[in-house]
Structures are given as structure tokens and as C-alpha cells.
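Colleague: I am new to reading models like this one. Can we go through the terms one by one?

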Amino acid sequence: MAAARRKTRDSFVEPAAFRSAMRELAAGVTIVTSGVGLHRRGLTATAVCSLSVEPPTLLACINREAECHRVILEHGMFCVNVLGAAGEALAARFAGRDGVRGAERFLHGDWGTLTTGAPVLGNAVAAFDCSLLEVLDGGTHSICIGRVEAVAVGASQPALVYRAGLFAHVHPAGAVASRTESKAQETP
Ligand SMILES: Cc1cc2nc3c(=O)[nH]c(=O)nc-3n(C[C@H](O)[C@H](O)[C@H](O)COP(=O)(O)O)c2cc1C
């Protein structure tokens, strides 16, 4: 499936200024995967977003230069694996930070499949297994729209968040809030 390229008006904002400002946007961290066996590829991605509930769809913005981009288009499927704090080392690996490339990135981690055959991480906090519905031109990136064919929800763990070049672990505030709530009810 080839993405149609669209010519857009030049922007006055320098790429470096755009990148620098976007670094302030804290985001949940995922590994987007595609392919089978030795053809498996994956990359760390924060540009992932829910699109529609019925039908269940999501989008992932994937750099055209990333190896996984080609594989997603070839195989017509991908999986968005949402990482928790335990996935920080894998996030660094799938971002290319330790120099490991291609299918070797899958040597660590408990990888399986759901419906489409795309690699699903066993200890992901959630996984969205998608068939590729549409590919839109996003300049340097393609906007890959996936129809969610299967979901998996893993054990709860602190969230993995990325901001300003650093990973952070976010502990759910809900537990604290509910403790405060029940305490308030006990107060006469
Ligand atoms: C926290 C973080 C988030 C990233 N988010 C994206 C993203 O949403 N889309 C993307 O194409 N690349 C993203 N990248 C960059 C890719 O993970 C990185 O370029 C990766 O090495 C590409 O895979 P390749 O080396 O197999 O081409 C991100 C990197 C980091 C560290």
C-alpha cells in the first residue's frame, strides 16, 4: 500500500525549533511492531493515538526511514505494545540506542502473537493488534491507521513516560485518590 504524497506550503518554523518544543510534550511509550520471524521489525514510538471506538481504530505516526515502516506496508499489519516501567530497557533498544537493529531487537522480551501475527510483547500493559486500514502522508512520517483486531491487557505497573529526552516512571494517582476518598467518608 503506497502512501500518496501531498505538497504542503513551506513553514516558517525551523525543524529544530519544532523538535525542541515537542520535547516538552510528555507521552506514553509504545513499541510498534510488524512482520513475522526474521522479518520482524519494531521501533519505539510515542506518536500513537486512539482514533475511533466503533470501529476500533488507532493511528501511529511512523518515520518513512524506519525499517518497520516498510514492513508495516508489506505485511499490512502492526501491533502497538504499550510499555510500563518494566519496559524501559526495551524502549531504549527499540529506539536504536544500543545499536541493535532488525530482528535482533526481539532477542530479549517475551514475544508472541494475537490475531494478525504481528509481534506482541508479553509484559506490555496493553497491546493493540491491528490490520493496516490506511496510510496517510504526514511528511517525514506516514500516518498508519490500524483497525484493532485484538487487544490484550497485562498486569498493572507504573506507566513509562518520555519527556525532554528522559524516561520517567509514573505511579497511578488513583490508588492515593481512592484512599483519600474512603478516609473522607469515614470522617464524621
Ligand atoms: C521516546 C521515543 C519516541 C519515539 N517515537 C517515535 C514515533 O512516534 N515515530 C517514529 O517514527 N519514531 C519514533 N522514535 C524514533 C525511533 O524509535 C527510532 O528512530 C528507531 O531507531 C527507528 O527504528 P530503525 O532504527 O529500525 O529504523 C522515537 C524514539 C524515542 C526514544
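Colleague: Where is confidence lowest in the protein, and where is it highest?

Modeller: This is a predicted model; local features need pLDDT of at least 70, side-chain atom pairs count only at pLDDT 80 or more, and totals for chains, interfaces and linings use all residues. Residues are numbered from 1 along each chain as its sequence is written. pLDDT is the predictor's confidence in each residue, from 0 to 100. Helix α4 (residues 174-186) is lowest, at a mean of 39. β2 is highest, at 99. Helices here are DSSP runs of H or I with at least four residues, strands are E runs of at least two, and both are numbered from the N terminus.

Colleague: What makes residues 176-188 a stretch to treat with care?

Modeller: Their pLDDT is below 50. Beyond near neighbours in sequence, the stretch has 0 contacts in the model. A contact needs C-beta atoms, placed from the backbone, within 7 Å. Where pLDDT is low, the predicted coordinates should not be read in detail.

Colleague: Why is A103 called partly exposed?

Modeller: Buried takes 20 or more other C-beta atoms within 10 Å of the residue's own, exposed takes 12 or fewer, and partly exposed is in between; the atoms are placed from the backbone. A103 has 17 such neighbours, so A103 counts as partly exposed. A103 sits in the loop between α3 (88-94) and β7 (111-112).

Colleague: Which residues does A103 touch, not counting those up to four places away in sequence?

Modeller: L38 and R40.

Colleague: Which residues of α2 are buried?

Modeller: C68, H69, V71 and I72.

Technical notes: Contact = placed C-beta atoms within 7 Å.
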